[in-house]
Amino acid sequence: MKEWKGKQELPACPVETTLMLIGDKWKVLILRELLPGTKRFGELKKSIGNVSQKVLTAQLRDMEEKDLITRKVYAEVPPRVEYSLTGLGRSLKPILDAMQDWGREYQHSFRLEQEKPE
């Protein structure tokens with residue numbers, strides 16, 4: 001396989017292409033957290049939850065390489081790094097909205113099922 005950005009071929013299936021970009025649990029949560037706006041690394045880590053620093057860093061780097069997010073480093077001491085969505089990253093909002101709607105419906109159905117008398 002070739003590498004990303006002309007270095008890698010994309011899968012023939014569009015769904016597989018989407019999953020290749022955001023199929024990881026952490027990537028979806030990163031996208032969710034960045035939809036409202038720019039966040040620093042510590043804010044992302046805190047808002048996402050149980051992700052390790054190593055995993056979060058790897059996911060952010062991968063998403064940056066694939067043009068889903070941008071990383072801005074400020075020349076300060078200590079260094080300040082901010083992450084935000086690119087236009088391509090923001091274009092995933094309808095997908096995340098659909099996932100949220102589906103999840104909400106599933107939660108509702110699940111709760112109703114749990115409340116049924118046996």
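A residue counts as exposed when its relative accessible area is over 50%, as buried when that area is under 20%, and as partly exposed in between. The structure discussed here is a predicted model.

Tyr106 reaches 47%, so Tyr106 is partly exposed. Phe110 is partly exposed too, with a relative accessible area of 44%.

These residues belong together. Trp102, Tyr106 and Phe110 make up one aromatic cluster. Trp102 and Tyr106 both sit in helix α6, which spans residues 93-115. They are 4 residues apart, about one turn of the helix. Tyr106 and Phe110 are likewise 4 residues apart in α6, about one helical turn.

How many aromatic pairs does the structure hold? There are 2. A pair of aromatic rings is described by the distance of the centres and the angle of the planes. The table gives both values.

| Ring pair | Distance of centres | Angle of planes | Class |
|---|---|---|---|
| Trp102 and Tyr106 | 5.5 Å | 10° | stacked |
| Tyr106 and Phe110 | 6.3 Å | 20° | stacked |

Planes under 30 degrees apart count as stacked. The planes of Trp102 and Tyr106 are at 10°, so this pair is stacked. The planes of Tyr106 and Phe110 are at 20°, so this pair is stacked as well.

**Charges over rings**

The charged end of Lys25 lies over the ring of Trp26, 4.6 Å from the ring centre. The charged end of Arg80 lies over the ring of Tyr74, at 3.7 Å from the ring centre.

**The nonpolar core**

In soluble globular proteins, nonpolar side chains tend to be buried together. Here the largest nonpolar core has 22 residues. Which of them touch the most other members? They are Ile48, Leu56, Leu60 and Tyr83. Several elements each supply at least two residues of this core: α1 (14-22), α2 (25-34), α3 (41-48), α4 (53-65) and β3 (80-85). Helix α2 gives the most, with 6 residues.

Take Ile48. Not counting residues up to four places away in sequence, Ile48 touches Trp26, Leu29, Ile30, Glu33 and Leu56.

**Val28 in helix α2**

Val28 lies in helix α2. Is Val28 buried or exposed? Val28 is buried, because its relative accessible area is 16%, and the cut-off for buried is under 20%. Leaving aside neighbours within four places in sequence, Val28 contacts Ile22, Leu96 and Met99. The C-alpha atoms of Val28 and Ile95 are separated by 10 Å, although the two residues are 67 residues apart along the chain.

**The sheet and the helix across it**

The model has an open sheet of 3 strands. Their order is β1-β3-β2, and the pairing is antiparallel. Strands β1 (39-40) and β2 (69-74) are the edges, each pairing on one side only. Antiparallel strands β2 and β3 are joined by 6 bridges. Ile69 stands opposite Leu85, a residue of β3.

Which helix lies across β1, β2 and β3? Helix α2 does, running at about 95° to β3.

Definitions and conventions: Residues numbered from 1 in each chain as written. Predicted model: local features only at pLDDT ≥ 70, side-chain atom pairs only at ≥ 80, totals over all residues. Heavy atoms only, no water. Core = buried A, V, L, I, M, F, W, Y, C linked by side-chain atoms within 4.5 Å. Buried < 20%, exposed > 50% of the residue type's maximum accessible area, 1.4 Å probe, protein only. Contact = heavy atoms within 4.5 Å. Phe/Tyr/Trp six-rings, centres within 6.5 Å; stacked < 30°, edge-to-face > 60°. Lys NZ or Arg CZ within 6 Å of the ring centre and 35° of its normal. Pairing = 2+ DSSP bridges. Axes fitted to C-alpha atoms, helices over the stretch in contact; angles between N-to-C directions.
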